[in-house]
Amino acid sequence: MPYKLNVDLTAVNGRDFAILTGKADIFSYGSDGKRASEEAIGVKLTVALQGARLAPLTVKFDYDPLPKVTDEEIEEAVMNCKPLFVQIPDCAVSLFSSNGSGIGMTATAQTAQIVTLNSK
């Protein structure tokens, strides 16, 4: 029997920010599996949850919450071990289980911002 639990980002990560690892447009697809339009319907940010052994999480938005940050800049930051941290205060994470596939996570949000961590 499948189960579903809705929590916030802090519940799965221990923090309301995570390491930004990717950014891509979201497109709509028809029932035939082909892209229905060349116009993006949203953006997905991929993050690594530092409080969960860098488990990946994709957060979907209906617009680009970080228009000044490109996927190429994110890739370079990760490659140079100078990660960008993104705060997603209204992130809604859905944890789900199903027969045979283990536990999965999906997420949506309306706001995101790059943050600088204070070093102590």
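Predicted model: local features only at pLDDT ≥ 70, side-chain atom pairs only at ≥ 80, totals over all residues.

Visitor: What makes F17 and F85 an edge-to-face pair?
Guide: Rings of Phe, Tyr and Trp (its six-membered ring) pair if their centres lie within 6.5 Å; planes under 30 degrees apart count as stacked, over 60 as edge-to-face and the rest as tilted. The ring centres of F17 and F85 are 5.9 Å apart and the planes stand at 80°, so the pair is edge-to-face. F17 belongs to strand β2 and F85 to strand β5, 68 residues apart, so the pair links distant parts of the chain. Strands here are DSSP runs (E, at least two residues), helices likewise (H or I, at least four), numbered from the N terminus. F17 has 15% relative accessibility and therefore counts as buried.

Visitor: How many aromatic pairs does this rule give?
Guide: The count is 2 aromatic pairs. F61 and Y63 have ring centres 6.4 Å apart and planes at 85°, so they too are edge-to-face. F61, at 3% relative accessibility, counts as buried, whereas Y63, with a relative accessible area of 35%, is partly exposed.

Visitor: Why does Q87 count as buried, and what does its side chain join?
Guide: Q87 has 19% relative accessibility, so it counts as buried. Its place is in strand β5, residues 84–87. A polar contact is a pair of N or O atoms within 3.5 Å; within protein, one must be able to donate a hydrogen and the other to accept it, and residues adjacent in sequence count only if both atoms are side-chain atoms. The side chains of Q87 and D16 make such a contact at 3.0 Å, and those of Q87 and Q113 make one at 2.7 Å.

Visitor: What is meant by the largest nonpolar core, and which residues touch the most other members?
Guide: A nonpolar core is a set of buried Ala, Val, Leu, Ile, Met, Phe, Trp, Tyr and Cys residues joined through side-chain atoms within 4.5 Å. The largest one has 21 residues, of which L20, L45, L57, V59, V86, I88 and C91 touch the most other members. Two or more residues each come from α1 (9–13), β2 (17–26), β3 (42–49) and β4 (55–61). The largest share, 4 residues, is from β3. Apart from this core lies another, of 5 residues, including I19, A48, F85 and V115. In soluble globular proteins, nonpolar side chains tend to be buried together.

Visitor: How do you know that β3 pairs with β2 and β4?
Guide: Two strands pair if DSSP finds at least two bridges between them. There are 7 bridges between β2 and β3, which run antiparallel, and 7 between β3 and β4, also antiparallel. L20 has V47 in β3 as its bridge partner, while A48 is partnered by P56 in β4. Of the 8 residues in β3, 6 are buried.

Note on methods:
Residues numbered from 1 in each chain as written. Heavy atoms only, no water. Buried < 20%, exposed > 50% of the residue type's maximum accessible area, 1.4 Å probe, protein only.
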